[in-house]
Amino acid sequence: MYYHFLSGLMVTISVFSVSVCLGTAVGLVVAAGTSANSAYLRSTAQAYVATIRGVPELLIILLAFFGGTAAISAIAGRYIEVNAFASGVGALTIVFAGYAAEIFRGALTSIPKGQGEAALSLGLSRWQRWVFILLPQMVPLALPAYTNLCISLIKDTALVSIVGLSDVMRVAFIGAGTMRAPLPFYLAAAAIYLACTTVALFGFRLLNNRFQLPERSK
């Protein structure tokens with residue numbers, strides 16, 4: 001039992017890690033799109049965020065798995081089932097990016113507009129303005145809400161078990177059915193998720209202390 005839970009934990013950590021990295025990158029792009037000069041880009045980014053916030057995560061995972069399978073099968077001309085890990089990570093990335101984009105957008109709006117205008121007046125390109133001016137100021141503003149989003153993602157990884165991925169929740173489900181003892185297996189899964197969120201909270205607390213903005217004197 002311990003070996004299976006350890007294997008499931010590795011899968012859960014992998015799903016979380018890849019989804020966070022990809023989702024953060026996509027979220028930054030979408031957040032930049034919401035403040036772009038192009039009305040088309042702004043509308044597209046806003047529609048993406050609104051759609052993600054209005055559709056349940058479980059439904060997005062099912063659409064990614066079955067929709068991906070249907071698309072690949074149609075292209076190949078025969079039935080090909082999409083990889084469960086890829087569909088799970090893809091779905092969670094899409095969901096995470098939608099919520100992260102809103103967090104990043106809120107942090108960006110908190111930065112005085114004069115900061116960006118001063119960067120442009122100094123001759124910095126838009127890329128340099130983002131990397132050297134906006135992002136360093138955005139990180140401490142977005143980090144508290146971003147922390148909560150990551151903690152939610154750890155728990156949301158349990159949803160990928162619905163497409164057959166052998167994560168912690170899937171191991172607990174199979175063990176509970178095989179041994180006909182659901183309580184010990186689900187309690188073990190709960191303890192694992194609690195341990196993961198506790199470690200993540202500790203790590204993000206250190207990051208918050210590291211990037212905390214100095215208090216302004218009144």
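Figure 1. Read along the sequence, you get the pattern α-α-α-α-α-α-α-α. This is a predicted model, where local features need pLDDT of at least 70 and side-chain atom pairs count only at pLDDT 80 or more, while totals for chains, interfaces and linings use all residues. Residues are numbered from 1 along each chain as its sequence is written, and side-chain values use heavy atoms, with hydrogens and water left out. The C-alpha trace spans about 65 × 50 × 25 Å along its principal axes. Of the 218 residues in the chain, 37% are buried (buried means under 20% relative accessible area, exposed over 50%, partly exposed in between, with a 1.4 Å probe and protein chains only). Take the contacts (heavy atoms within 4.5 Å) with a separation of 6 or more: residues 24 or more positions apart account for 74% of them.

**Figure 2. Helix α1 packs against helix α7.** Two packed helices are described by the angle between their axes and the distance between the axes. For α1 (residues 2–34) and α7 (residues 168–179), the axes come within 7 Å and cross at roughly 150°. Axes are lines fitted to C-alpha atoms, for helices over the stretch in contact, and angles run from 0 to 180 degrees between N-to-C directions. The two helices are therefore roughly antiparallel to each other (angles over 145 degrees count as roughly antiparallel, under 35 as roughly parallel, 65 to 115 as roughly perpendicular and the rest as oblique). Look for H4, F5, G8, L9 and T12 in α1, which meet V168, V171 and A172 in α7. By class, this contact has five nonpolar, three polar and no charged residues. Ala, Val, Leu, Ile, Met, Phe, Trp, Tyr, Cys and Pro count as nonpolar, Asp, Glu, Lys and Arg as charged, and the others, Gly among them, as polar.

**Figure 3. T12 sits in helix α1.** Is T12 buried or exposed? At 5% relative accessibility, T12 counts as buried. Setting aside neighbours within four places in sequence, T12 is in contact with T157, D167, V168 and Y193.

**Figure 4. The largest nonpolar core has 49 residues.** A nonpolar core is a set of buried Ala, Val, Leu, Ile, Met, Phe, Trp, Tyr and Cys residues joined through side-chain atoms within 4.5 Å. Inside this core, F5, F96, F104 and Y146 have the most contacts. The elements giving two or more residues to the core are α1, α3 (57–76), α4 (84–109), α6 (126–156), α7 and α8 (182–211). Zoom in on Y146: not counting residues up to four places away in sequence, Y146 touches V20, T24, F96, I103, F104 and F204.

Figure 5. C21 is exposed at 54% relative accessibility, whereas C150 is buried at 1%.

**Figure 6. R180 lies in the loop between α7 and α8.** R180 has a positive phi of about 55°, although it is not a glycine. With a relative accessible area of 77%, R180 is exposed.

Definitions and conventions: Helix = DSSP H or I, 4+ residues; strand = E, 2+ residues; numbered from the N terminus.
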